[in-house]
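Subject: Structure handover

Hello,

Please find the sequence and structure below.

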Amino acid sequence: LDVAPGELVALIGANGAGKTTTLKALAGMLKPAAGSVRYADADITGVPSHRLIRQGIALVPEGRGVFSRLTVQENLQMGLATRPAGTPVPPQLFELFPVLQQMLGRRGGDLSGGQQQQLAIARALASKPRLLILDEPTEGIQPNIIKDIGRVLRQLADRGLDGEPMAILLVEQYYDFAEALADRYLVMERGEVIASGPGSEMAEKGVRQLVAI
């Protein structure tokens with residue numbers, strides 16, 4: 001699979017297909033047993049995640065991974081850990097997710113599921129990645145926030161945080177969300193990509209039924 005700047009690629013499939021394992025391998029959390037991972041013309045197979053963050057790859061993990069005892073401000077500052085000391089939280093994050101600015105002093109564990117997801121995405125964006133990887137960002141989220149997240153992801157693919165298109169790889173179980181956003185789709189089954197194509201063709205190719213098998 002490949003993802004280009006300005007493109008949102010949806011990786012979909014049934015539970016247990018290998019989607020999360022694939023993302024962890026791409027993000028340096030698992031070392032692949034075979035094959036290779038390339039990023040910006042360099043082989044990054046097996047490079048640990050803390051080094052990949054410095055190179056511009058950020059993962060929003062399944063389950064959000066918000067630090068529940070830290071404030072929203074502190075969670076966002078954790079996203080700046082690889083940047084020079086004193087680097088401010090990018091103000092663009094509050095333009096994307098205005099609710100976070102209103103809750104800077106609240107602990108992450110006190111936020112709703114939807115607010116935590118917005119915080120997890122913003123924390124990943126604080127490092128100003130060129131490739132954003134998201135694992136099930138709509139899981140357990142109320143419909144109005146799902147819509148907001150979709151709008152933000154489309155905007156990020158088109159112009160990133162600073163006007164430069166961003167590459168986005170999305171693993172998603174909510175089929176309608178993936179279909180609405182995907183420039184391209186990939187269907188995974190038992191660790192193998194079994195179908196792919198333009199997002200605009202997902203309906204006519206019967207991808208919903210393929211994923212449900």
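The largest pocket has a volume of about 700 Å³. A pocket here is an open set of points on a 1 Å grid over the protein atoms alone, with protein on both sides within 12 Å along at least five of seven lines, where a 1.4 Å probe fits. Grid points are joined across faces, edges and corners, and the volume is the space filled by probe spheres set on the points.

The model is a predicted one: local features need pLDDT of at least 70, side-chain atom pairs count only at pLDDT 80 or more, and totals for chains, interfaces and linings use all residues. Residues are numbered from 1 along each chain as its sequence is written, and side-chain values use heavy atoms, with hydrogens and water left out.

Pockets

The largest pocket is lined by 29 residues, a lining residue being one with an atom within 4 Å of a point. Leu1, Leu26, Val37, Arg38 and Leu131 lie nearest the centre of this pocket. Two or more lining residues come from each of helix H1 (19-26), strand S2 (38-39), strand S5 (131-135) and strand S6 (167-171). Helices (H or I, at least four residues) and strands (E, at least two) are DSSP runs, numbered from the N terminus. H1 gives the largest share, 3 residues. By class, the lining has 20 nonpolar, 4 polar and 5 charged residues. Ala, Val, Leu, Ile, Met, Phe, Trp, Tyr, Cys and Pro count as nonpolar, Asp, Glu, Lys and Arg as charged, and the others, Gly among them, as polar.

The second largest pocket has a volume of about 480 Å³. Its lining has 19 residues, with Ile53, Ala58, Leu59, Arg123 and Ala124 closest to the centre. Helix H2 (49-55), strand S4 (57-60) and helix H6 (113-125) each give two or more residues to this lining. The classes here are 13 nonpolar, 5 polar and 1 charged.

Salt bridges

There are 7 salt bridges in the structure, each a side-chain nitrogen of Lys or Arg within 4 Å of a carboxyl oxygen of Asp or Glu. One of them joins Arg184 and Asp2 (3.2 Å, N to O). Arg184 lies in strand S7 (residues 184-189) and Asp2 in the segment before strand S1 (8-12), so this pair ties together parts that are 182 residues apart in sequence. Arg184 is partly exposed at 21% relative accessibility, as is Asp2 at 48%; the term covers values between buried (under 20% relative accessible area) and exposed (over 50%), with a 1.4 Å probe and protein chains only. Asp2, Glu7 and Arg184 are linked in a network of salt bridges.

Another salt bridge is formed by Asp176 and Arg208 (2.5 Å, N to O). Asp176 is in helix H8 (residues 175-181) and Arg208 in helix H9 (residues 207-212), 32 residues apart.

Sheet

An open sheet of 6 strands runs in the order S4-S5-S6-S1-S7-S8, with mixed pairing; two strands pair if DSSP finds at least two bridges between them. S4 and strand S8 (192-198) stand at the edges with a single partner strand each, so one side of each has no neighbour in the sheet. S7 and S8 pair in the antiparallel sense over 6 bridges. Arg184, the residue bridged to Asp2, stands opposite Pro198 in S8.

Regards
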